Amino acid sequence: MVYLTRVVYNARHLTLFKLAGLSMQTVQHIFEQNKTPKPLVAAINAVLDASKEIAFLLQKGAMGGVLGCADQENVQGETQKKLDVISNDLLKDTLKACPEVAGIASEEEDFPVPANKDGEFLVIFDPLDGSSNIDINVTVGTIFSILPSNGGDGSDEKTYLQSGRNQLAAGYVLYGPSTLLVMTTGQGVDIFTMDPTTKEFVLTDCQSKITPSTQEFAINMSNQRFWAKPMQNYVADLLQGEEGKLGKRYNMRWIAAMVAEVHRIISRGGIFMYPWDNRDPSKPGKLRLMYEGNPMSMLVEQAGGLSSNGDIAIMDIQPEKIHQRVPVILGSKEEVETALSYQ
Ligand code: AHG
Ligand code: MN
Ligand code: MN
């Protein structure tokens, strides 16, 4: 655990600290080390407030009556789980009540939702990533991305269509054996663990870095026949291991929750791919640029890794639609470069 040696906070910090239930170390870190502006911390705190409720509901599981499917689909035609809807509503309500937030956009909302007219930020989120894992008691997470509102209208989709390079903060809350906050404000990636007793997020790892090389890959192999030829060739070489041109043996993982795959990569390296495939011509990938691609790319780049759509860095894409899909190849720098050399 990282203990900060100098703890300085003033009355203003203390108020925010109490509001968000953050530990003194966390407040110290966010305010003193990262120099994160107070309004941005308030917006992040709103996400954390909702995520603590989500963590609580997930822990209750079947006892909370929140497992299983809701009787509805989202705008992308996907069946929603009850917890997708509940998590979305918790985040939406908490963020709308935060004066710093001008508007929100969510994977589970058809359209952007306006919040406060003078708010400085737009908060974009995937309320529950990996939701097929909910009913089997496996890791899921909340992914968030914060953009400047630039005085724009929080109900206007165009206000949100900014490249990932504009993100002021990005992160995820991972609901696994421990509940973790992994976050960046553009000055490296820090990891906080929620103390289950006090519900405080305590700084437990500072400036995490992704190892540049790896022998672990993650891809849904069942889609193999739908991929483009270069991706088929690359994965064929991964499978050849030390007998093929890559010259080393690889292991494979697939959790079916990008948030958990990215967390594994931040923790011990690896490459994660959800590439373009030809199953549905209207979808150039399964993952969503604004809710998943951009925030995860900011974290990965801030941790020294690479993130690409196979052609350019994901954060360099100019979004055209709020629910836009994107192919994703991200992780350890050298392995992503190898994957991209096949494209
Ligand atoms: P979500 O639960 O938010 O819809 O996202 C699930 C995503 C991603 O987290 C994961 O990597 C991928 O879908 C899994 O897809 P497959 O079921 O096709 O493996
Ligand atoms: Mn998702
Ligand atoms: Mn989701």
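**View 1. Strand 8 meets strand 9.** In this predicted model, Val182 has Ile191 of strand 9 as its bridge partner. Strand 8 and strand 9 run antiparallel. They are joined by 5 bridges.

View 2. Look for Glu216, which stands opposite Asn251 in strand 12.

**View 3. A salt bridge between Glu109 and Lys92.** The closest N and O atoms of this pair are 3.0 Å apart. The two residues sit in distant parts of the chain. Glu109 is in the loop between strand 3 and strand 4 (113–114). Lys92 belongs to helix 4 (residues 82–96). In total, the model has 14 salt bridges. Side chains of opposite charge can pair when their charged atoms come close.

View 4. Domain 1 spans residues 4–205, and domain 2 spans 216–341. How many Å separate their centres, taken over C-alpha atoms? The separation is 24 Å. In domain 1, 47 residues are in contact with 33 residues of domain 2. The size of an interface is often given as the accessible area lost when the parts come together. Between domain 1 and domain 2, the buried area is about 3000 Å². Carbon and sulfur atoms give 62% of that area. Three residues of domain 1 stand out: Leu161, Arg165 and Tyr172. They supply 21% of the area that domain 1 buries against domain 2, more than any other three residues.

**View 5. Arg165 pairs with Asp316.** The side chains of Arg165 and Asp316 meet in a salt bridge. The N to O distance is 2.8 Å. Between domain 1 and domain 2 there are 3 salt bridges. The count of residue pairs in polar contact between the two domains is 18.

**View 6. The side of domain 1 that touches domain 2.** Several elements give two or more residues to this side, including strand 3 (101–106), strand 5 (121–129), strand 6 (140–148) and helix 5 (157–160). Strand 7 (169–175), strand 8 (179–184) and strand 9 (189–194) are also among them. Which strand gives the largest share? Strand 6 does, with 6 residues. By class, this side of domain 1 has 21 nonpolar, 18 polar and 8 charged residues.

How values were computed:
Residues are numbered from 1 along each chain as its sequence is written. Chains are lettered from A and ligands numbered from 1 in the order in which they are written. This is a predicted model: local features need pLDDT of at least 70, side-chain atom pairs count only at pLDDT 80 or more; totals for chains, interfaces and linings use all residues. Side-chain values use heavy atoms; hydrogens and water are left out. Domain bounds come from an automatic or database domain assignment. Contact means heavy atoms within 4.5 Å. Buried area is the accessible area (1.4 Å probe) that two parts lose on being put together, summed over both. A salt bridge is a side-chain nitrogen of Lys or Arg within 4 Å of a carboxyl oxygen of Asp or Glu. A polar contact is a pair of N or O atoms within 3.5 Å; within protein, one must be able to donate a hydrogen and the other to accept it, and residues adjacent in sequence count only if both atoms are side-chain atoms. Helices (H or I, at least four residues) and strands (E, at least two) are DSSP runs, numbered from the N terminus. Ala, Val, Leu, Ile, Met, Phe, Trp, Tyr, Cys and Pro count as nonpolar, Asp, Glu, Lys and Arg as charged, and the others, Gly among them, as polar. Two strands pair if DSSP finds at least two bridges between them.
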